Amino acid sequence: MKTLKIEDLSKNFGSTEVLRKINLEIDEGNFLVLLGPSGCGKSTLLNIIAGLETINEGNVFIDDYNVSKVEPKDRNIAMVFQSYALYPSMNVRENMIFGLKQAKTSKEKIEQQLEKVSKFLQVDQLLERKPSQLSGGQRQRVAIGRALVREPRIFLFDEPLSNLDAKLRVEMRREIKKLHQQLKTTVVYVTHDQTEAMSLGTRIAIMNHGVIQQNDTPENIYNKPSNTFVADFIGSPSMNLIKGTLKESSGEISFTASGSNFEIPVKGYEFKDKSNLNNKEVYFGVRPEHIYFKKSNESDFEVSLRADLSEYIGHEQIMTFDYANQEILAKFPSTIKIELAKETKLYFDLTQTSLFDAQTEERI
Amino acid sequence: MQDNFKPSSYQRLEQKSKYTNMFLRWFLYFVLILFASYFIFPLYVMVVTSLKTMEEIRQGTLLSWPSGLNFDSWAVAWGGRGYGAGDTFLKPYFWNSIKMVVPAVFFSTFIGAMTGYVLTKWRFKGDSWVFLFLLFGCFIPFQAILLPMARTLGALGISNSIVGLVLVHTVYGIPFTTLFFRNYYVSVPTELVKAARIDGAGFFKIFFKILLPISAPIIVVTVIWQFTQIWNDFLFGSTFSFGEAAPIQVALNNMVLSSTSVKEYNVDMASAIIAGVPTLIVYVLAGKYFIRGLTSGAVKG
């Protein structure tokens, strides 16, 4: 039984296609993050799961029950919004029990739930306050509390941290993680922040233009991006994509960047399909953090590149190098001194590379 | 450069700008007082004239102070002289106006709030067209709809009645009240409505429990606007009612224009003030909310 299953879901607003044939499954207790740039349809998808938007095609199942035409209140879900959406005229207590009252829950049960949740979230001192008298973090807690008291099957979070300042955001992120560890409830979480996605999710679905690009564990998303969009979107700075061609000679496959004269052996790379690789136009992807200043593995590949630009950001520095007229970025500890406009010896970690078809932009 | 620095010249400049500032400030006050008296002057004339006897009015000048606080003309304006036929006074028409203005303000405000709520929080296909046509209602000259409205009231059997006027004012208030409430609710986050829907609240519950409690500023604005419009209306009142069903503005006109004998300026002035007092009271009571409501817009969650 899947806690949540989405089947061939399509949605359009007028002539604009927002979601195209989305298929998604979540197991009990998972934390799924929908990640993507703004306008990719992730919030619309969440609203559809909640029942706040109608569906043009496809179905949504919760616990194998088709809820596509079921009212939001009957879907056994709870949602936390970006603006918290606390009812301004009600105090914290009334905010938290509003849903239970609508569901005609008994008075004792309401009191019991309220006490449990408000203690758990440490808002039991704030019950008589109005939302306008709370700080950002407290509002966030109350919003989560309002969702918790209903004991839903699925929690939906719509960018819940983006209204908080940077420091508080990191704190609340940890609290949400703890919350999930303790409660083990299924969560669907929408964000455009990759750090949030990586640190919270047990699964991440990366979306762009209404299509899921990759739905995988955070490790696989980072290490084995399924196409150039994912490779580019995840990581800061993003993965270097060097344009060039593959060559196959006597079983050995190597990569040559356009305009360069040396070959990078890619024999350790796990190709999905080993046929027709000779002369294939590809992108060679290597992350800035996988370019080293000192050789650390036997298989590291040595190149000599000219440093063009240095960006110092405290604990590390981001250097821009010239690789046959293509810019590539590398990340080093800021203790390393590299002279600009000079050739520097660098080492590519060949166990951490990705190759993408230049035409389809898919991983090969 | 440093050698040319002369503190004395700065002192002189400072002194000069001090005089200039002082002059400008006094000039500013002078202009403000001038404009204020320009506005207050008619009210002054009205009040002093209403307190004078006819004798004083004939002998004195427009601006002269009354000999004493003589409220006789106010009593005549409100309650008449007591001789039967042909004596027009404001009391019954004042109550007519109250009976017209209270329900008309209530219904137009309530319907406007509802419409604004639907147009912003329950969007439907073509809702922007509906709003556009409603806006149209704000710009239609009311003279253009007098005839069709008269026919409609006739067909409904409520012409020349307070109920008829309530209907007319409600209908023609809706474009304005809708505009007010729509613009207010647009800035209320729609996530509030979504949260309430997930919590299980329906259309009316969300309106009454979530939105209406945070609408106080815009309700005040709308009530003041509608009250002033309807209370001061003469066109609809004079067209759709006559005789005993007329509102106060029509009665005031009849009183002032139809007197056959000598013009009683003191009674006229007192009547005019009585007819204007309710709107003044509303402004005094709710005026500060009016400005706040007009400028503030939304409440942040």
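Predicted model: local features only at pLDDT ≥ 70, side-chain atom pairs only at ≥ 80, totals over all residues.
Chain A is divided into domain 1, spanning 4-233, and domain 2, spanning 240-357. The centres of domain 1 and domain 2 of chain A, taken over C-alpha atoms, are separated by 39 Å. Contact between these domains involves five residues of domain 1 of chain A and five residues of domain 2 of chain A. On the side of domain 1 of chain A that touches domain 2 of chain A, two residues are nonpolar, two are polar and one is charged.

In chain A, six strands form an open sheet with mixed pairing, in the order β6-β7-β8-β3-β9-β10. The edges of this sheet are formed by β6 and β10 (211-216) of chain A, each of which pairs on one side only. Averaged over the sheet and with direction ignored, neighbouring strands are turned by 15 degrees against each other.

Strand β16 (residues 301-312) of chain A pairs with strand β17 (residues 316-323) of chain A in the antiparallel sense over six bridges, and Ser310(A) has Met319(A) in β17(A) as its bridge partner. The hairpin of β16(A) and β17(A) has three residues between the strands, and in the turn Gly314(A) has a positive phi of about 90 degrees. On continuing to strand β18 (residues 326-333) of chain A, β17(A) is joined to this strand by eight bridges, again in an antiparallel run. Met319(A) stands opposite Ala330(A) in β18(A), so that Met319(A) takes part in bridges to both neighbours. The hairpin of β17(A) and β18(A) has two residues between the strands, with a positive phi of about 50 degrees at Ala324(A) in the turn.

In chain B, helix α10 (residues 216-232) packs against helix α7 (residues 162-186), their axes coming within 10 Å and crossing at roughly 155 degrees. Because angles over 145 degrees count as roughly antiparallel, α7(B) and α10(B) are roughly antiparallel to each other, and the crossing in which α7(B) passes α10(B) is right-handed. The contact brings residues of α7(B), including Phe176(B), Phe180(B) and Tyr184(B), against residues of α10(B), among them Val221(B), Trp225(B) and Ile230(B). Eight nonpolar and six polar residues make up the contact of α7(B) with α10(B), with no charged residues.

Helix α4 (residues 91-121) of chain B also packs with α10(B), at an angle of about 140 degrees and with the axes 9 Å apart. The helices α4(B) and α10(B) are therefore oblique to each other, and α4(B) passes α10(B) in a right-handed crossing. Residues of α4(B) in this contact include Met100(B), Ala104(B) and Ser108(B), while those of α10(B) include Ile219(B), Val223(B) and Phe227(B). The contact of α4(B) with α10(B) consists of nine nonpolar and six polar residues, and none that are charged.

The contact between the chains takes 20 residues from chain A and 15 residues from chain B. On the side of chain A that touches chain B, the elements giving two or more residues are β6 (77-80) and α2 (92-102) of chain A. The residues on this side of chain A divide into 15 nonpolar, four polar and one charged.

Terms used:
Residues numbered from 1 in each chain as written. Chains lettered and ligands numbered in written order. Axes fitted to C-alpha atoms, helices over the stretch in contact; angles between N-to-C directions. Helix = DSSP H or I, 4+ residues; strand = E, 2+ residues; numbered from the N terminus. Parallel < 35°, antiparallel > 145°, perpendicular 65-115°, else oblique. Left-handed = near helix turned anticlockwise from the far one by under 90°. Contact = placed C-beta atoms within 7 Å. Nonpolar A, V, L, I, M, F, W, Y, C, P; charged D, E, K, R; others polar. Domains from an automatic or database assignment. Pairing = 2+ DSSP bridges.
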